[in-house]
Amino acid sequence: MNRVQHTAWCAKDHSCGMQEHRSDPYRAVHPGLGTLVVTRVQHADGRQFAEIRLSVPLVSTDRVARRQLQTALTELHHLLRYFRHIGRSAA
Ligand SMILES: [Zn+2]
């Protein structure tokens, strides 16, 4: 991929040699809430992705922590469906 032109947003680091372009990660720390890290990625075939890492504190009570995890999975699934919806609207 060394001869391939970088995207405008590519961080132009070592990851470009791994068949993809990656942006500098956007990091947002929300004290008391959690941390978000979002990286824009373009694979060698041209498809782009948002790589999202979300860290949220869980309570110590297992039953409630499981409920928090269930809520996180549900809300993330809604986000996936939203992205598909706006992707189809733009096509
Ligand atoms: Zn690149």
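**Aromatic residues and strand pairing**

Guide: Phe83 has a relative accessible area of 46% and is therefore partly exposed (buried means under 20% relative accessible area, exposed over 50%, partly exposed in between, with a 1.4 Å probe and protein chains only). This is a predicted model, in which local features need pLDDT of at least 70 and side-chain atom pairs count only at pLDDT 80 or more, while totals for chains, interfaces and linings use all residues. Residues are numbered from 1 along each chain as its sequence is written, and side-chain values use heavy atoms, with hydrogens and water left out.

Visitor: How many aromatic pairs are there?
Guide: The count is one aromatic pair. The rings of Tyr82 and Phe83 have centres 6.4 Å apart and planes at 80°, so the pair is edge-to-face (rings of Phe, Tyr and Trp, the latter by its six-membered ring, pair if their centres lie within 6.5 Å; planes under 30 degrees apart are stacked, over 60 edge-to-face, the rest tilted).

Visitor: And what is the relative accessibility of Tyr82?
Guide: Tyr82 is at 47%, so Tyr82 counts as partly exposed.

Visitor: Turning to strands, how many bridges join β3 to β4?
Guide: Eight bridges join β3 to β4 (residues 48-55), and the two run antiparallel. Strands are DSSP runs of E with at least two residues, numbered from the N terminus, and two strands pair if DSSP finds at least two bridges between them.

Visitor: Which residue in β4 is the bridge partner of Val37?
Guide: That partner is Arg53. Val37 is also the bridge partner, in β3, of Arg27.

Technical notes:
Helix = DSSP H or I, 4+ residues; strand = E, 2+ residues; numbered from the N terminus.
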